Each structure stands twice: as C-alpha cells, then as structure tokens.
Amino acid sequence: MAFYRAHVLVCKGTGCTASGSPSVYEALKKELERRGLDQEVALVETGCHGMCEMGPIVVIYPEGSLYCRVTVDDVPEIVEEHLYKGRLVQRLLYTTPDTKFKVPHYRDIPFYSKQLRIALRNCGYINPDNIDEYIARDGYEALAKALTTMKPEEVITEVRTSGLRGRGGGGFPTGTKWEFCRKAQGDKKYVICNADEGDPGAFMDRSLLEGDPHAVIEGMMLGAYAIGADEGYIYCRAEYPLAIKRLRGAIAQAGEYGLIGDNIMGSDFSFHLHIKEGAGAFVCGEETALMASIQGERGMPYPRPPFPANKGLWGKPTNINNVETWANVPNIIRNGGAWYASIGTEKSKGTKVFALTGKVNNTGLVEVPMGTTLRDIVFDMGGGILNNRKFKAVQIGGPSGGCLAEQHLDLPVDYESLTAAGAIMGSGGLVVIDEDTCMVDVSKFFLEFTQRESCGKCVPCREGTKQMLLILDKISSGKGRMEDLKILEDLALMVKEMSLCGLGQTAPNPVLTTLRYFREEYEAHIRDKKCPAMVCKALISYVIDPEKCRKCGLCAKNCPVNCIAGDRNTPYVIDQEKCIKCGTCLEVCPFQAVSKV
Amino acid sequence: MNPKKQEVAERTRQIVAPWKGARGGTIPVLQEVQKAFGFLPEEALMEISRELKIPPSELYGVATFYAQFHLKPRGRHIVRVCRGTACHVRGSLAILDKIKTVLDVEENGTTDDLRYTLEPVACLGACGLAPVMMVDDETHGRLTPDKVMEILGSYE
C-alpha cells in the first residue's frame, strides 16, 4: 500500500459541489502533479462535512486544518504554503464570528467541538465511492459480528437495549418495531429504507447517503438478518441524483466483495437490495404510501391496522426505517446497545442530526447528543443570528413541526420535551427565524406546502387544510376578523384529530404553535392591519423620503410597473395605487431613501 | 398510425420489455419513457397499458399523481426554484418572481421558444446555500435576483 505523508480531502457533497468544489479538486490535482507531490500527497473526494455555508471545504490531514470557501485561485497558495512549507494558510481558516479567532484545527471550531458524530462519523472523512475506506473504518464489522456470533433475536435485544427510536419523525422504538416484524408470520419479508426526505429544510438523509452509503446498507442488512428478511428496497427521492448514484456504486461494490448476495460471509443469510426512485410526492414519506408507490400505484396511505410489520409490501411483513435510523444500527451492534444508551436523556437515547438553516451564521448539519439545548445549537454551533439581528423563533420538525419561541431556548431537545411544547422532532429540520420574518407568513408557507401535498384521500386533510389556508390568506391580506382565530384553531384541532395519516395529523402544528406563542402577531394583522415584520405585502407600502432622495431616477428606471414619478428637480414619489410592492426600488436606491412602512 | 407515433410506440415497447411479468414496474417504466421523450406522450401511455396490462385510467392516475411526470412537452432546460423553508426565509419568492417576469412564464409553464420550463419545487436539500435553484442537474446557490438572469443566460 502506498504511503502518503498528507491527505487532502475535498468535499463533493451537494452543497460544496454547487459552490464549485469540482473545479477546486481538478485544480488541486493539476497543481500537485505539477509540483511533483502527487506521489506523497493523497487527494480524496469526500461526502458532506456539514458546514455547507463555508463551502467549498478542503481539509488537510495530519494537521486537520479546515479551509473555507476555497477557490481555484487559492490552490497554488495552499500547495505552496501548507504542503510544501508546512505553514497554515491563515486567511482561509475558519474565523469565529465573535472573537475573530482563526481556528487551526477543525475539531476546535465551535460548530464541530460540541458535536458527537455517530451516524455521521464517516461523512466528510472517507471517500464514499470506495468501499475499502469504509471497511478501514470498521465497516461491515458489525455485520460480521452479527452473522458469526449473534442470533437474530440477540441483534434485536441489542437494538432494544440501545433505546434507538425512529429518526424519521415518529420516534417509535426501533427494536420493538423489529420484533413485531420478526414475530409476524410469512414466508417472505422485506426491509425498506425510507429515503424520501421531503421535509423542506432537512437534508441529513441526503448527506448520509452521499457521504457514507455503506453505513445505511450495513444497517439494513443487520435489520434484515434480525427480522428474517432477504430482500430490501431503498426508496430515494429522484431529486437526489448524487445520492442515488453513490448508492448504486456502493451496492455494486458490496456485491463484488460478496457482502450483498447469497450466503453472505459463508453464512446462510442472503440479501438482495434494490433502489426505487421516488417520483415527487411528499406523502410518500408516509410508510404505507411509500409501499403503494413501490408497488407502482398512486402514493396514497391506507389505514392501519394491518400494520406493515404484518402486511406490508406486496402483502408481506415489512419493516421500514429512515436513513438515519439505519445508519445508527452498525454502531450499536459494533459497540453494544449499552454504550449507545449511555448517551442522551432518559427516554431519548443516542444522538440526533439536525439540519440547521435559516437566519443563522453557520448553516449545515450538526449531530448532537439528545438533550442538547436549542441555545447550544443555535448560538454555539450556529454562531448566532445572521447580521446580528434579533432571534425570534426556531421552526423545528418541518411542515409537521412547530415554531418555538425565545422561552424555549433552554429546552433540552428530545422527543418528549418537543412534543410537550407542541412541536415534534420530525426529521430534524431546524430553521432559525429572526425578527424580519413574519410568523403568519411562516405558518401560511407551511400550510401551502401541506395543502398542495395532501393526497386528497381523506376529507379532514384535503378540505380542512384548504379552509385553514383561506383564513390565513385573509389574515395576511388584512381582511381577517378576530373570530377567525377561533375558527382557525378549531379547524386545526379537527384536522389533527381526524386525518388518516401523519401528513394530516401534523399539518396543523405550525399554525397551532404560532397561535400559541405568537398570537400577538396574528392580532396585529387583524386589529391594526399591520405586519410587524413588514413581510405581508398587502399590509406594507414603500415610500420615498423626499429629504434623502437625490433625484437620480434609478428607482423609476427599475420599477417593473412604472409607478414612480419624478424628475431632476422634484423628488420621486411612488403611486401607491399602482405599486405591486416588489421591493425593487428599495434594493436599487443607493441613498437608502426608500423605506417600508 | 403516423411514422412518428410508431417510433414512440416502438421505443416504449423496448423500455417496457424487461418489466413484462415483473411487479412494480409502472413508475420505473414511466420514468424511463419520460427520460426518452421529455414527457409522457399519449401513444406511449397506451402502449404501456397494452404491454403491462394496466388499464389506461390507472396509468393516468399514477402519471398525474406524481409531480415528476408531465403529459405535455417541456423546455430544453428545467429551472427548479427551491421554495423550501430555508430558501423562503432567505428570499426565494423574489427569485421566483424575477424569473417569471423576465422569462414571461407562469409556474410550471414553458417559454414559447421551448428553452426553459419553470418549476417551483418543495426543497432541493441544499439549504446551506439558500436561496437555491437547479438548472437541469446543476445546483446554483446563494442567489440574488441579478445573479439568476446571468445563470439562466448560460443555458442555451
């Protein structure tokens, strides 16, 4: 095996690729060859490091230096300074937003230092296209351990001991779920990986599949062995082409090594794995709808019981878990359930990956022990609010989740405490909202989403969400009445209570939580006809301050509806009748003379 | 049947062949057919129905249920503007509006010259770079309304 004195890791996750990492990779390759370093410095493509905001990310070992927003022009300097002379390129190191400290080792960056990476342990560290790198990180060791030393029941016991619960949102104990399926009668059983990550604002499954596909595959095989299945499906969104490509590659490589197929590792356990591409329907993240979709039907949920554990895919006992749940399993079998159970809170064990996005300085993926507070996540790892604005809320759990306010910042994040506050863990989307975001608009946004994605099978969800949306529209356009709030609340509770599947049962959560914690904003829209955050178009207007206007005419030139009049001698004025409130004038004015009122 | 329709039927039969007698082929076949023609032509759907012995009504039901399938021709480039939460709070609506105005096209519409089709999508999962859009298979992040037009211009 070749020996390299240094490893240069270039992130090729979706985020960094979009920011230009492929050209950085090519430039590094050329530069290393040109300087004759290609025999002593290894260049590796990796999956996502999680700190997408700072991409393209380049990490150099053994020092562990993380360079941010690297461009092609930075490449010669990195090679010259770091790899030749052994000096860090200071200007590319991560700088803490408050103390302006340049962090030499990536482990010490606050974004990473508070994380505990179990599911994400290999993401950004190995080349996901190379099975050998996964194996070098103890990959497939758990499978070997299970197949050679454990009975299927023992695997289930280990998972039960670990306290692992479904990471897709449900939070159902994984071991118990497996046991149901193990005990179900059937000549044929299936395991399914739910990779239909549809929650807007969540991308942990995508990063896992792109960064460490084998961990998910190994987890599924352990599950299959435990319940007695010999066939599996990964149902992945077609919107994730890179994840699908990496999975296909990983399955092929595992097949070549005899790790997928018949009589794996000489045992009598056989396993075959297929990939199904989703076709774009949010409701397919619901397990019964997902199975209908695999069978080639419209993705509509059906009532349970019968549960999939007894009657699932093609009528056979089936076990479905989410990507992150599967990725945790090899770690649990390798290190033992008791080890996993030692992390987290009393009822929520282990870690959870959150997708931290919105108005926060460091957006990206963080994996933290259950019970970490929102304050730690948003302010320590996230580095606080963008542009020093004031924190208003976090929206947690996607369209099924809720908005939590400032008083919840010290809430330890686990399944129970989130549910008590009216939100849910969900898949782990965590969108930070600042004072410039209108909460009525946010709840309208989520409801528009769930309303559009409602499959239409059951009436409460199909009609209820529609009516709720109409009321929210009324409020945000200034035509609401105080009694609408009561009607909205009643409708929300009805939809929550009576819908057939998880989509409808959770769709009202954003509305209910904003009504609970931000009622005064709704009231301001109705009573004062004002949008406090200046977002709802019908309730704001743009005006030009005649004192500040220098009569340059830039606003009038850019106005798409020609509603601004003025000339060299008279300050410009907006015709409020014609104005469509697009905000272009405010953007283009060089003298800050335009303001929203 | 005119020659063009025959061609569509012929190509469809090739795509369907490996799925005859197998389970769960409907969606993969529709995906392949759409890849071949850019949309789902009526002749192709009729052919799939005959070959897989699925009633046309059921196929139509599936094809119209999923956002991915289209029954009308589409533009050479698919512009997907992310309307996910993270993008929303960082101004994706302004991006969408800008594209609609400049290209003179509605949501899910195609420009008259068949150059672009505009599709708002739920979430592209690149939230770290919000606001984001995808043109064909390439993701573009940290958008501003001005940047958008420059990017679109580079797709003939």
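Modeller: In this predicted model, Glu31(A) forms a salt bridge with Arg34(A), and their closest N and O atoms are 3.0 Å apart. Because the two residues are three apart in helix H2 (residues 21–34) of chain A, about one helical turn separates Glu31(A) from Arg34(A). Glu31(A) counts as buried, at 9% relative accessibility, whereas Arg34(A), at 61%, counts as exposed.

A salt bridge also joins the side chains of Asp380(A) and Lys114(A), at 2.7 Å from N to O. Asp380(A) belongs to helix H15 (residues 374–381) of chain A and Lys114(A) to the loop between helix H4 (110–113) and helix H5 (131–136) of chain A, so this pair ties together parts that are 266 residues apart in sequence. Asp380(A) is partly exposed at 31% relative accessibility, and Lys114(A) is partly exposed at 38%.

Glu153(A) and Arg182(A) meet through their side chains in a salt bridge of 3.5 Å, N to O; since Glu153(A) lies in helix H7 and Arg182(A) in helix H8 of chain A, the pair ties together parts 29 residues apart in sequence. Glu153(A), with a relative accessible area of 41%, is partly exposed, and Arg182(A) is partly exposed at 28% relative accessibility.

These helices, H7 (residues 152–162) and H8 (residues 174–183) of chain A, pack at an angle of about 155° with their axes 7 Å apart, which means that H7(A) is roughly antiparallel to H8(A). Their crossing is left-handed, and the residues of the contact divide into five nonpolar, three polar and four charged.

Technical notes. Residues are numbered from 1 along each chain as its sequence is written. Chains are lettered from A and ligands numbered from 1 in the order in which they are written. This is a predicted model: local features need pLDDT of at least 70, side-chain atom pairs count only at pLDDT 80 or more; totals for chains, interfaces and linings use all residues. Side-chain values use heavy atoms; hydrogens and water are left out. Axes are lines fitted to C-alpha atoms, for helices over the stretch in contact, and angles run from 0 to 180 degrees between N-to-C directions. Helices (H or I, at least four residues) and strands (E, at least two) are DSSP runs, numbered from the N terminus. Angles under 35 degrees count as roughly parallel, over 145 as roughly antiparallel, 65 to 115 as roughly perpendicular and the rest as oblique. A crossing is left-handed if the near helix is turned anticlockwise from the far one by less than a right angle, and right-handed if clockwise. Ala, Val, Leu, Ile, Met, Phe, Trp, Tyr, Cys and Pro count as nonpolar, Asp, Glu, Lys and Arg as charged, and the others, Gly among them, as polar. A salt bridge is a side-chain nitrogen of Lys or Arg within 4 Å of a carboxyl oxygen of Asp or Glu. Buried means under 20% relative accessible area, exposed over 50%, partly exposed in between (1.4 Å probe, protein chains only).
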